[in-house]
Amino acid sequence: MKRRGREKKEGLNEVDVFVGQRLRELRMLAGLSQSDVAAALGLTFQQLQKYERGFNRVSSSRLFKLGQFFRVPVSVFFEGLENRQQAAEGGEMPAAGGGEEQENTLQSREALMLARYFQSIRDPQIRAAIRELAERCAEQQADGTAVSGAAPAPKRGRGRRAEQGGHA
């Protein structure tokens, strides 16, 4: 039986895997479990899991329902697919299961979690401070400066909370 699973995994369709990854990203961004989404759509969590991994192809009617559920257009499930295929044709994509792909998945998961937490912050001053912090960190990384040992950047009058060095 294990052999059958391996054979099926090797024969996965790139588009099905991509759509499944987008589905997983949307689910995680919404902060929902596989069981939550599956129950809302009348599926088992195993079936949703197979969609997310690309083992099962998501039908057009199911994609439409998923788009309605997450309140996104169906095209969201395909955004970035062409760029990925072009990169793969140019030999820029790592082999499936490669370390870089796994690292990107973890970074994607972190980004989704961060976005979810950020959306739950209602105070505009706190949101602005977090956005500014992220921008400064990214700029320092782009300049080759070590973020961990870098001196704090001068404050730009973002309100009392930013000046008091609130909790990050």
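**Figure 1. Buried residues of helix α4.** In this predicted model, helix α4 buries Leu48, Tyr51 and Glu52. Buried means under 20% relative accessible area, with a 1.4 Å probe and protein chains only. Helices are DSSP runs of H or I with at least four residues, numbered from the N terminus. Seen down the axis of α4, the buried residues fall within an arc of 95°, so they line one face of the helix. The arc is taken over the directions from the helix axis to the C-beta atoms. The cover over these residues includes α2, α3 and α5. Gly54 follows α4 and has a positive phi, near 85°.

**Figure 2. Buried residues of helix α3.** Helix α3 spans residues 34-41. Its buried residues are Gln34, Val37, Ala38 and Leu41. Viewed along the axis of α3, they lie within an arc of 100°, so they line one face of the helix. Which helices do the buried residues of α3 pack against? They pack against α2 (14-29), α4 (45-53) and α5 (60-70). Contact here means heavy atoms within 4.5 Å. Just after α3 comes Gly42, with a positive phi of about 75°.

**Figure 3. The whole chain.** The chain has nine helices and zero strands; a strand would be a DSSP run of E with at least two residues. From the N terminus on, the order is α-α-α-α-α-α-α-α-α. Of the 168 residues, 20% are buried. Among contacts with a separation of 6 or more, 60% join residues 24 or more positions apart. The accessible surface comes to about 12200 Å², by the Shrake-Rupley method with a 1.4 Å probe. Carbon and sulfur atoms hold 50% of that surface.

**Figure 4. Confidence along the chain.** The average pLDDT of the chain is 75, and 65% of the residues score at least 70. pLDDT is the predictor's confidence in each residue, from 0 to 100. Over residues 5-9 the pLDDT is below 50. Beyond near neighbours in sequence, residues 5-9 have three contacts in the model. Residues 93-99 also stay under 50. For residues 93-99 the model has seven contacts beyond four places in sequence. Where pLDDT is low, the predicted coordinates should not be read in detail.

**Notes.** Residues are numbered from 1 along each chain as its sequence is written, and side-chain values use heavy atoms, without hydrogens and water. Local features need pLDDT of at least 70 and side-chain atom pairs count only at pLDDT 80 or more, while totals for chains, interfaces and linings use all residues.

Terms used: Buried means under 20% relative accessible area, exposed over 50%, partly exposed in between (1.4 Å probe, protein chains only).
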